[in-house]
Amino acid sequence: MSGHQHTHTDHTHSHTHSHTHGGPAHGDDAHPDWAAFGELLELSADVHTPAVEQTAEWLRGLLRLDGGHVRRALDIGSGPGGAACVFARAFPDAEVVAVDGSPELLARARGRAARLGVADRVRTHLAELPEGLAEVGDAELIWSSKAVHHLGDQQGALDRLAAALRPGGVLAVAEGGLSLRALPRDIGIGRPGLLTRLDALQEEAFAEMRTGLPDAKETTEDWPAMLAAAGLTGARSRSFLTDLPAPLDAPARRLLHADLTRLSDHLADRLDATDRATIGRLLDPDDEAGVLRRPDVFWLSAQTVHAAVKPR
C-alpha cells in the first residue's frame, strides 16, 4: 500500500493528493492501484514541497540525538519520493530510504532523486505494509504521510514504527488537517457550497474504506495519544499550510483538475444530478467556468503532522 501526499487535501503520499484523507483515491476497495496515479502524485509532491520543507525544519528541532545528526531516515509509504527527497536535502548526512509497495512509484522516486541531485543518498525499498515494516531497519527519523490510515490496525503500525526508531529519534505521521479550499463558496454555477458537500461524501467513503480493511480495529484517532501509547515521549502536533492565492499557476491548476476528476469518479454514485453537472462544467477545459480557466481558483489546505521522540 502506498501513502501519499494528495480537491480535498489531506493530501502531502507525501505525500497528493488533496483530500481530507490523502491518497489519490480510497478506492472502491481497500487496495487502490497507486501506480495508476503516479503522475498525479508527483505533481502533488511538487505543489506541496514548500510545506514539507517547513515540516522537515520543525522535525529537526524535535530530535534529541547525540551529535545531532540524522544518519538514516525512512519515508514509509513514500509514493514517488517527494518527502524522501526533501529529507535528503534537509539532512545532508542521512541515507534516506523510500519504502513503498509499488515498484512503479519507487521507480519514480529514483528518477526524482536523480533530477534533484540526491540519488547518491536516496534509495528505495519495496515492501508491503504492515508486514514489510520488519524489513526496513532502524533510523533516527521515520516519516509516514497518509499511509497509516490505510492499515486496519493503526496503533499496531505505530508500535512497529516506534520500535524501529533509534533513541533520541523522531517518528512523525502526517494524518488529518484541513480539506482543500480552491473555489469561492458560490461559484456562479450550481448550488453554493459544493466543496463542503464533497467533504461530507468523502467522510462517508473513508469510513467505509476503513471498515473494509483487513484486521480493522476501531481507534480513537488521537494521534499524540497513540504515539505516547507506542512508548514515545513529547508528542505534539503542528499544521503546515499550502497557500497559493488566485490566480492559481498552471501546475497547481492541473493538480486541482486531476484531483477533482479522480474525486468525481470516486464519488459518482453519491453525487446528486446538480452537483454532477456542476463538476462536469468545472472539469471542462473549454468552459470559462472551469477550474483550468476561471480567475478565482486558489489553493488553501493544511496538513497536520504528529510527532514524538524515542526516549534515550
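Colleague: Hi! Let's start with the sheet. How many strands does the open sheet have, and in what order?

Modeller: Hello! Bear in mind that this is a predicted model. Seven strands make up the open sheet, in the order β3-β2-β1-β4-β5-β7-β6, and their pairing is mixed.

Colleague: Which are the edge strands?

Modeller: Those are β3 (122–126) and β6, each of which pairs on one side only. From one strand to the next, the twist averages 20 degrees.

Colleague: What about β1 and β4, in which sense do they pair?

Modeller: Strand β1, residues 72–76, pairs with β4 in the parallel sense, over four bridges. Asp75 stands opposite Trp143 of β4, and Ala73 has Leu141 as its bridge partner in that strand.

Colleague: And how many bridges join β4 to β5?

Modeller: Six bridges, and those two strands run parallel. One place to look is Ile142, which stands opposite Leu171 in β5.

Colleague: How many residues of β4 are buried?

Modeller: Seven of its seven residues are buried, so β4 is largely enclosed by the rest of the structure.

Colleague: I was looking at Gln155. Where does that lie?

Modeller: Gln155 lies in helix α4. Leaving out residues up to four places away in sequence, Gln155 touches Met226, Ala229 and Ala230.

Colleague: How far apart are Gln155 and Met226, in sequence and in space?

Modeller: In sequence they are 71 residues apart, but in space their C-alpha atoms are 6.3 Å apart.

Colleague: Let's go inside. How many residues are in the largest nonpolar core?

Modeller: That core has 34 residues, and Leu59, Phe87 and Phe91 are those with the most contacts inside it. Elements giving two or more residues to this core are α1 (38–62), α2 (82–90), β2 (95–100), α3 (103–115), β4 (139–145), β5 (165–181) and β7 (299–309). The largest share comes from α2, with seven residues.

Colleague: What is Leu59 in contact with?

Modeller: Setting aside neighbours within four places in sequence, Leu59 is in contact with Phe87, Leu141, Trp143, Val170, Ala172 and Ala307. There is another core apart from this one, with 28 residues, including Leu195, Leu260, Ile279 and Leu283.

Colleague: How does the span of α7 agree with its number of residues?

Modeller: Helix α7, residues 250–266, has 17 residues, which at 1.5 Å a residue should span 24 Å; the C-alpha atoms at its ends are 24 Å apart, so the two agree.

Colleague: What happens at the start of α7?

Modeller: A side-chain oxygen of Asp249 comes to within 3.1 Å of the backbone nitrogen of Ala252.

Colleague: Now the backbone. Where are the cis peptide bonds you've picked out?

Modeller: One joins Leu129 and Pro130, with omega about 5 degrees, and Pro130 sits in the loop between β3 and β4. Another joins Ala246 and Pro247, with omega about -5 degrees; Pro247 is in the loop between β6 and α7.

Colleague: And which residue other than glycine has a positive phi?

Modeller: Asp215 is one of them, with phi near 55 degrees. Lys146, also not a glycine, has a positive phi of about 55 degrees. Most residues other than glycine have a negative phi.

Colleague: Is Lys146 buried or exposed?

Modeller: Buried: its relative accessibility is 0%, and the cut-off for buried is under 20%. Lys146 lies in the loop between β4 and α4.

Colleague: And Asp215, buried or exposed?

Modeller: Asp215 counts as exposed, because its relative accessibility is 65% and exposed means over 50%. You'll find Asp215 in the loop between α5 and α6 (223–229).

Note on methods
Residues are numbered from 1 along each chain as its sequence is written. This is a predicted model: local features need pLDDT of at least 70, side-chain atom pairs count only at pLDDT 80 or more; totals for chains, interfaces and linings use all residues. Side-chain values use heavy atoms; hydrogens and water are left out. A nonpolar core is a set of buried Ala, Val, Leu, Ile, Met, Phe, Trp, Tyr and Cys residues joined through side-chain atoms within 4.5 Å. Buried means under 20% relative accessible area, exposed over 50%, partly exposed in between (1.4 Å probe, protein chains only). Contact means heavy atoms within 4.5 Å. The expected span of a helix is 1.5 Å times one less than its number of residues. A polar contact is a pair of N or O atoms within 3.5 Å; within protein, one must be able to donate a hydrogen and the other to accept it, and residues adjacent in sequence count only if both atoms are side-chain atoms. Two strands pair if DSSP finds at least two bridges between them. Axes are lines fitted to C-alpha atoms, for helices over the stretch in contact, and angles run from 0 to 180 degrees between N-to-C directions.
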